[in-house]
Amino acid sequence: DYEGWPGHFESLLLQYSVDLVLAGHVHHYERTWPVWERENVQRSYQGATAPVHITCGHGGQSLYKYLKGGKREAYNSTPPLFSAARTNDLWGHCELEFLNRTTVRHTMRVMGERGVRDEFEAVITKASGSTSRHLSAILLVGILFI
């Protein structure tokens, strides 16, 4: 339930200057622009003051294309304002490459394709000078809904 995320965690992400949030379990792929409260969107990654969210859950199981029972389309084909890239009908995986102490490259690949389908570089600018602080500015989130 998305309603619980902003109310419980988003203020912590902003308070601790988290640059990138990686999540899974939801069976689709989506990368956002820097965003907070779903409606405050920065349509550039330069000088971002809010985290970028990447959901990479399209590696297996059925994609969330239909509601239970398979009768009605559950994935809105019109992306929300905060969405920079997304897919709900292609299986694939995501990769992170740490280029240096402050930059990480995210790529999304689709099964059966040779090239990269989506790519994004995050520059960690809000962290202090220590390597451990730089890496801790990248929050990995795994949420399991039962």
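A search of the whole structure finds 2 aromatic pairs. The model is predicted, so local features need pLDDT of at least 70 and side-chain atom pairs pLDDT 80 or more, while totals for chains, interfaces and linings use all residues. Residues are numbered from 1 along each chain as its sequence is written, and side-chain values use heavy atoms, without hydrogens and water.

**Exercise 1.** Classify the pair of Trp 33 and Tyr 45.

*Solution.* 
- Step 1: Recall the rule. Rings of Phe, Tyr and Trp (its six-membered ring) pair if their centres lie within 6.5 Å; planes under 30 degrees apart are stacked, over 60 edge-to-face, the rest tilted.
- Step 2: Apply it. The centres are 5.0 Å apart and the planes at 25°, so Trp 33 and Tyr 45 are stacked.
- Step 3: Locate the rings. Trp 33 lies in the loop between β2 (29-32) and β3 (35-36), and Tyr 45 in the loop between β4 (40-41) and β5 (52-56). Strands are DSSP runs (E, at least two residues), numbered from the N terminus.

**Exercise 2.** Is Trp 33 buried or exposed?

*Solution.* 
- Step 1: Buried means under 20% relative accessible area, exposed over 50%, partly exposed in between (1.4 Å probe, protein chains only).
- Step 2: Trp 33 has 17%, so Trp 33 is buried. Tyr 45, at 24%, is partly exposed.

Terms used
Helices (H or I, at least four residues) and strands (E, at least two) are DSSP runs, numbered from the N terminus.
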